[in-house]
Amino acid sequence: MRFSSRVDVSEPNPIIVAQRRALSEHIKLTKLNDSNPTSHNLAPECLSSTYNADPRGPLEVRKLLSDFINKRDNRISDACASDSVSDSISDSFANGKSKYNVQAVNPENIYVLSSTSQAYAWLMMLLCDAGDAVLAPTPGYPLIESIARLNNVVSIPYFLRYDGSWTIDLSNLRHLIENDSHNIKALVLINPNNPTGSYVKPQERETLLELCNRHGIAIIADEVFYDYSLEPFDNNARLAGESSTLVFALDGFSKMLAAPHAKVGWIEVSGPIEDVNEAKRRLDVIADDFLPIGATVSEHIPELLSCASNQTNKVRARVRENLKTLRSVLSKWPNCTVSALRAEGGWNILLRVPSCIDDDVLALRLIKDYCLVSQPGYYFDMPNNGYLALSLLPEPEQFSSNIERLLKTVDVLLNEIIGE
């Protein structure tokens with residue numbers, strides 16, 4: 001696996017080497033230049049705890065996340081997951097696997113940070129030099145392209161195609177990967193994607209893992225919407241923990257708890273042990289420069305994890321019920337010209353509206369007549385006119401009202417076109 005040259009992993013100076021040796025031998029050291037106020041009883045009373053920076057995030061937090069993920073995904077037995085994790089955890093977790101060669105989570109392979117957006121930036125720093133490229137899905141959320149631009153990285157789109165369901169155009173993707181002139185260093189897989197709601201299918205997964213492994217390309221798997229299944233196919237699975245290829249899996253509380261203000265995300269690193277170790281050696285440099293999440297945030301993580309399951313179930317029930325309502329309203333609307341594309345997962349769905357209605361005309365009319373703001377398909381690089389993204393999150397009464405107002409507006413605009 002090739003990593004960027006921008007991360008300095010040169011050998012440390014003799015002082016750092018001696019310091020690390022002393023710490024490994026549990027020798028207590030005192031710093032002459034200790035500039036941490038909390039070490040000297042100078043912290044404010046409301047933040048009285050001592051600040052001990054761990055670039056990957058507090059170990060106790062990473063242990064809690066590891067236990068949570070292992071139980072949630074059945075990666076190891078409950079008994080093993082509930083045990084405290086020792087310093088030699090690598091050995092005890094080495095054989096923990098489930099289908100698709102998925103590894104159990106090692107707390108040392110988790111990086112806790114403020115958001116998945118920050119995770120994307122760190123991984124582009126890790127993998128890409130200026131001018132290198134990452135592959136990102138289209139249609140898709142424009143975040144990746146924007147973050148890539150900020151990191152002097154090129155975002156190259158690969159296509160998703162719709163034919164009753166969304167699938168990755170593997171021929172297009174293979175062509176891009178095998179073209180050495182692109183300098184592709186990472187493949188972004190959003191599982192499920194936003195706004196198409198499409199999971200990575202088992203046959204796609206097999207092909208992509210083989211391609212990336214053969215060409216030395218890392219996978220960035222954004223799985224923040226994974227638990228919100230709507231109309232899925234069988235045998236979908238997370239890429240988190242995959243052992244055959246270097247994978248950086250992204251997740252966080254923002255979507256898990258439906259709480260965008262809960263700014264805690266994490267990266268789980270998995271794959272061949274040599275690649276994982278080298279990736280972590282370099283990622284530690286980045287994490288150390290940007291500093292871990294603060295204590296005021298990490299103190300709430302046990303509480304957030306304790307409510308994660310109930311909160312996810314609550315949101316999942318809402319979006320599934322609203323999807324059912326949407327299908328019902330569309331089926332009963334007189335001469336309905338709007339259809340809903342299949343959404344396998346997530347909490348958004350794409351609607352198909354008559355392409356003779358200009359996207360902007362529809363969006364502006366919704367604002368004018370009903371004070372409704374919409375997101376046309378071109379926000380997500382849809383291939384042509386006539387798409388609209390719809391959130392499945394609103395309360396049921398508001399959701400039904402939104403649909404009816406949209407359908408009325410489409411009917412009015414169609415009548416105006418016919419009247420011309």
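This is a predicted model: local features need pLDDT of at least 70, side-chain atom pairs count only at pLDDT 80 or more; totals for chains, interfaces and linings use all residues.
The charged end of Arg342 sits over the ring of Phe233, at 3.8 Å from the centre of that ring.

**Charges over rings**
- Besides the contact between Arg342 and Phe233, the charged end of Arg352 sits over the ring of Tyr387, 4.3 Å from the ring centre.

**Pairs of aromatic rings**
- When the whole structure is searched, eight aromatic pairs are found.
- One of the pairs joins Tyr141 and Phe380, whose ring centres are 6.4 Å apart and whose planes meet at 35°, so this pair is described as tilted.
- This pair links distant parts of the chain, since Tyr141 lies in the loop between β4 (133–138) and α6 (143–150), while Phe380 lies in the loop between β13 (375–376) and β14 (387–391), 239 residues apart.
- Tyr141 has a relative accessible area of 44% and is therefore partly exposed, whereas Phe380 counts as buried because its relative accessibility is 4%, which is under the 20% cut-off.
- Elsewhere, Phe225, Tyr228 and Trp347 are linked by ring pairs into a cluster.

**A nonpolar patch on the surface**
- Leu23, Ile27 and Leu29 form a nonpolar patch on the surface, and together these residues have about 260 Å² of accessible area.

How values were computed: Residues are numbered from 1 along each chain as its sequence is written. Side-chain values use heavy atoms; hydrogens and water are left out. Patches are made of residues with over 30% relative accessible area and no salt bridge: like charges are joined within 9 Å, nonpolar side chains (Val, Leu, Ile, Met, Phe, Trp, Tyr) within 5 Å. Accessible areas come from the Shrake-Rupley method with a 1.4 Å probe; for residues, only the protein chains shown count as cover. A salt bridge is a side-chain nitrogen of Lys or Arg within 4 Å of a carboxyl oxygen of Asp or Glu. Rings of Phe, Tyr and Trp (its six-membered ring) pair if their centres lie within 6.5 Å; planes under 30 degrees apart count as stacked, over 60 as edge-to-face and the rest as tilted. Helices (H or I, at least four residues) and strands (E, at least two) are DSSP runs, numbered from the N terminus. Buried means under 20% relative accessible area, exposed over 50%, partly exposed in between (1.4 Å probe, protein chains only). A charge sits over a ring if NZ of Lys or CZ of Arg is within 6 Å of the ring centre and within 35 degrees of the ring normal.
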